[in-house]
Amino acid sequence: MKEILKIDNLTKKFGGVCAIDNFSVTLEEGTVHGLIGPNGAGKTTIFNTITGIYKPTSGIIEFMGKDITNKKPYQVAQEGIGRTFQNIRLFSQLSVLENVFIAGHLDADYDLFAAILRLSKFGKKEKYLRENCIELLKILGLYDRMNEKAGSLPYGHQRKLEIARALALRPKLLLLDEPAAGMNRDESKELVEFINELKEKFKLTILMVEHHMDVVMSICRRITVLNFGKTIAEGTPKEIQTNKLVREAYLGGEDVAC
Amino acid sequence: MSGYVEGVIILIGINIIAVLGVSILTGFTRLFSFGNAGFMAIGAYTSAILTTKFNMPFIISLLGGMFVAALISLALGKLTLGLKGDYFLITTLGFGECTRVLIEFLDPITGGARGYAGIPQKTTLFIVLISVVLAITVARNLLNSKYGRNLKAIREQEIAADAVGIDTARFKQLSFTVSAVYAGWAGALFAHYYMFITPVMFNLDKSSELTITVVIGGLGSLTGSIIATTVLTLLPEVLRSVANYRMLFYGIAVVLIITLRPNGLMGYKELSASWIKNLLLQIRRMFRCRKEVA
């Protein structure tokens, strides 16, 4: 199997606080990798460092054999890493279609003059992009709501739209930050199926942060457990479930020093 | 058409061009500027100097004014666009005032505080109408393309815009430069209509007037900006006797709009045939409800 993302000894310090301490992970193409840990363990910080929002203090992030450690957020996205946010960040005044439309901007490769003079190239590309976006919305079950304002969608649909928007980028790697947040048992079961479907359809590799253990255990091939920025365990769901350190981190026990 | 009416229409046209620039910047990118009168001044003085001192044809002076405004916006944008919200606003305010003071200071070239006189009158009603149609078309086409969509994405959620691969710095710069070009355009037309310009014409009052017009018209709406400009330019003409209290009325209007209609007249909507149809349908439904109640 091909490695798609390789993180080597990633460290991020905020002043004296060590938010991520020597984090390493390798993602194989076509797998789902879970990132779990108590609140404040540094999961979202890892996402923000991969996507270039934070500059790492040290360490290397390699994506498809390319060093993306010090790239800017938009460059990381253009390389093919899509993401969703823990606290939903949609373009809320705009319609559902526009949200996806925006994310497809890289496919609209006309220049400023073509846009202003409305050259035929512009029309063709826009039409093509629009069809693609509608197709994507159909797959994600948002087609009926395409013209609604994104901000007025029900919560579950907003989460889906965030995924749709990330997919419009045609990413190879998708980072999902708590996709099941606020969902009940049935909904999260549906989500697991949904994510599996998307993974097959779009040939994705997924790295996800999640608190719902049933989701993580049923979907991830491998899991990394973090506590206070440190990796305390990595392995298959079975190995994680029986790991002593993991139990301590979640249920309390002897202090794990940072 | 009487000269007076023609003059008012020309003034409305010039204001529309300047306001459209601010509308793209503030209404569609959410970058607030209190310095666009500075770009108007640059357009006005550059074009005036090109016409009078270098005997350039009007079209060249016009383009020259727009070009210099664009160049300065590029330099200024490089320095300031990295700043967040309010800090950016303060720098634009500083820029506007600096430009005015600098023009006063450069007496030998600009005529200083006494003003720059002897500009030939080249701006006609026809030229203004063409300019307005062109300005509206370019703005509309720009906003209804990936460029405009990317600006709206920055307005709505900058972090998410970054996450879908939008180079936010580049698109903010685009928005800022387009707004400067529009301001320069309006300034050049202004100079060649009034034939006499002074730095005070382009002070903070003018800048805030432009931004206030956009807010009243509604953020994210070109038609809202156009309607608001027309109304706000006509009002002082209609109410000549109280025209001195213009800024007072603006202030009251902004307070009323922000409390009663926070999105402005047309916030995030465009006036179009389907919009009017919807409105009529709603009104009809309202009447029908009343009848049924009665």
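Mentor: Start with one definition. Helices (H or I, at least four residues) and strands (E, at least two) are DSSP runs, numbered from the N terminus. Note also that this is a predicted model.

Trainee: Then where does Arg118(A) lie?

Mentor: Arg118(A) sits in the loop that links H4 and H5 of chain A.

Trainee: What is the phi of Arg118(A)?

Mentor: The general idea comes before the case. Most residues other than glycine have a negative phi. Arg118(A) has a phi near 50 degrees, a positive value in a residue other than glycine. Glu178(A) also has a positive phi, near 50 degrees. Glu178(A) belongs to the loop between S7 and H7 of chain A.

Trainee: Is Arg118(A) buried or partly exposed? And is Glu178(A) buried or exposed?

Mentor: Count neighbours. A residue is buried if 20 or more other C-beta atoms lie within 10 Å of its own. Glu178(A) has 20 C-beta neighbours inside 10 Å, so Glu178(A) counts as buried. Arg118(A) has 15, so Arg118(A) counts as partly exposed.

Trainee: On to strands. Which way do the residues of S8(A) point?

Mentor: In a regular strand the side chains alternate between the two faces of the sheet. Now the case. Thr205(A), Leu207(A) and Val209(A) point one way from S8(A). Ile206(A) and Met208(A) point the other way. Strand S8(A), residues 205–209, is mostly covered, with five of its five residues buried.

Trainee: Which strand do four bridges join to S8(A)? And how many bridges pair S7(A) with S8(A)?

Mentor: Four bridges join S3(A), residues 32–36, to S8(A), and the two run parallel. Within S8(A), Met208(A) stands opposite Gly34(A). S7(A), residues 173–177, pairs with S8(A) in the parallel sense over five bridges. There, Leu174(A) has Ile206(A) as its bridge partner.

Trainee: What unit do S7(A), H7(A) and S8(A) make?

Mentor: A right-handed β-α-β unit, with H7(A) spanning residues 185–202.

Trainee: Next, helix packing. At what angle do the axes of H3(A) and H5(A) cross?

Mentor: Two packed helices are described by the angle between their axes and the distance between the axes. The axes of H3(A), residues 96–103, and H5(A), residues 120–139, come within 9 Å and cross at roughly 120 degrees. That makes H3(A) oblique to H5(A). The contact uses Val96(A), Leu97(A), Val100(A) and Phe101(A) from H3(A), and Leu129(A), Cys133(A), Leu136(A) and Leu137(A) from H5(A). The crossing of H3(A) and H5(A) is right-handed.

Trainee: Compare a pair in chain B. How do H7(B) and H9(B) stand to each other?

Mentor: Their axes come within 10 Å and cross at roughly 110 degrees. H7(B) and H9(B) are therefore roughly perpendicular to each other. From H7(B), Tyr147(B), Asn150(B), Leu151(B) and Ile154(B) meet Thr168(B), Phe171(B), Lys172(B), Leu174(B) and Ser175(B) in H9(B).

Trainee: One last residue. Where is Ser221(B)?

Mentor: In the loop between H10 and H11 of chain B. Ser221(B) counts as buried because it has 24 C-beta neighbours inside 10 Å. Now look along the sequence. Ser221(B) and Met266(B) are 45 residues apart along the chain, yet their C-alpha atoms are separated by 6.2 Å. Beyond its neighbours within four places in sequence, the contacts of Ser221(B) include Gly27(B), Met266(B) and Tyr268(B).

How values were computed:
Residues numbered from 1 in each chain as written. Chains lettered and ligands numbered in written order. Predicted model: local features only at pLDDT ≥ 70, side-chain atom pairs only at ≥ 80, totals over all residues. Buried ≥ 20, exposed ≤ 12 C-beta atoms within 10 Å, placed from the backbone. Pairing = 2+ DSSP bridges. Right-handed = clockwise from strand over helix to strand, strands pointing away. Axes fitted to C-alpha atoms, helices over the stretch in contact; angles between N-to-C directions. Parallel < 35°, antiparallel > 145°, perpendicular 65-115°, else oblique. Left-handed = near helix turned anticlockwise from the far one by under 90°. Contact = placed C-beta atoms within 7 Å.
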